[in-house]
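User: Can you walk me through reading the pockets in this one? Start with whatever terms I need.

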Amino acid sequence: MAHRIDTKLIHAGEPSPRHQGAVSLPIYQSATFETTGEEKEYHEHRYARLSNTPNHLALHAKLAALEGAEAALVTASGMAAITTTLLALLRAGDHVLFHEVLYGGTRDFASRDFEPLGLSSDSIDATDPSGWKEKLRPTTRVVYVETITNPTMQVAEHEAVVAFAREHGLVSVVDNTFASPVNFRPAENGYDLSVHSATKYLNGHSDLIAGAVLGSDALIRKIALKLDHLGGSLDPHACFLLHRGIKTLALRVRQQNASALALARALEAHPAVERVHYPGLESSPSHQRARRYLDGFGGMLAVSLAGGLEAARAFCSRIRLGIFAPSLGGVETLVTRPAETSHSGMPRTQREALGISDGLVRISVGIEAVEDLIEDFTRALG
Ligand code: PLP
């Protein structure tokens, strides 16, 4: 019987029988494991860098079940998941189509590290298929988008991205960090691969750095072999923490969905606010797509203030409950200005063209009482 995601979060991937009856899978803090002398391929040896301790294996099975993928692989960070995936899929001469608004680290990898590797890329507007074909080259291998983009919260035209990839023989990759498997399951929507910064919602407690990639057995095997060589594997202790944190994912994300929508509505109604970027608002250009593709609108929103940078600085300094820190997806509300954190590497003109002004404030809504958050944020607006 197929279980619902709440049940999978608790039971999928758990070892059977339980190790020594332990209800919580213990940490196998061992770099290497005894062999019985049989002939083995290098990648089959039990060694923590090869991502095959009991902690890795349980987590892989749980993650795959959450998105309905065949297989999963955890990595030492979200960026390790992204870079290892791309390096496994590409060889010198290949070309990638990226959504024009991306997490800054992914964009910097493409803009700074692709050229010396003989790779190239172009940007597309993933919300509008009309311009995609003209960017296609005979060497294009991958189309890469984010479920909900960081930080302007656009929702890609996912069905068209998947269809375009199939038509042109590309591997479709989506960064599903912002949505989490609770709000969007890429494999069920036809994507070949989904990548995550597990640092964010999957773990949910702002206390570790981890990543994950999910997809077919064949693609995950290829990426796992690349990870074995690049070495960005997750430590068993971090696997344990991620395994523990993920069990409450559905509870956290549903509350964050509801709180972010309520906060977005309260901020949109405030006269000091010029614009709220949140796919759950009817005013969002992505609202119809969000309704079509997502089970929830997510816990991330961004606010442009009428007073620009000065007003944004004053707003941030007056917020008491939100902690001014980069990252997102934790139980605590976090606030940042993307122009000085995730997108600081981008020239201002390019940033502004994409709607990332100096005064844009991004809010990752935590699980505090939403009434307290609304009170705090509206007071901070003055
Ligand atoms: N993808 C998205 C959407 C992110 O927001 C981040 C980090 O903020 C990453 C990937 C990179 O993840 P990590 O910091 O775990 O390497």
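Analyst: Helices (H or I, at least four residues) and strands (E, at least two) are DSSP runs, numbered from the N terminus. The model is predicted, so local features need pLDDT of at least 70 and side-chain atom pairs 80 or more, while totals for chains, interfaces and linings use all residues. Residues are numbered from 1 along each chain as its sequence is written, and side-chain values use heavy atoms, leaving out hydrogens and water.

User: Which helix gives the most to the lining of the largest pocket?

Analyst: General idea first: rolling a probe the size of a water molecule over the atoms shows where empty space is left. Here a pocket is an open set of points on a 1 Å grid over the protein atoms alone, where a 1.4 Å probe fits, with protein on both sides within 12 Å along at least five of seven lines; lining residues have an atom within 4 Å of a point. H3 gives the most to the lining of the largest pocket, with three residues. The lining has 23 residues, with Tyr-103 and Leu-328 among those nearest the centre.

User: And which polar side-chain atoms lie by the ligand's oxygen and nitrogen atoms?

Analyst: Look for polar contacts, pairs of N or O atoms within 3.5 Å. Asp-175 has a side-chain N or O atom 2.7 Å from a ligand nitrogen, and a polar side-chain atom of Thr-199 is 2.6 Å from a ligand oxygen. For Lys-200, the side chain comes to 3.0 Å from a ligand oxygen.

User: What gives the most to the lining of the second largest pocket?

Analyst: That's H7, with six residues. This pocket holds about 290 Å³ of space, a volume being the space filled by probe spheres set on the points, joined across faces, edges and corners.

Notes: A polar contact is a pair of N or O atoms within 3.5 Å; within protein, one must be able to donate a hydrogen and the other to accept it, and residues adjacent in sequence count only if both atoms are side-chain atoms.
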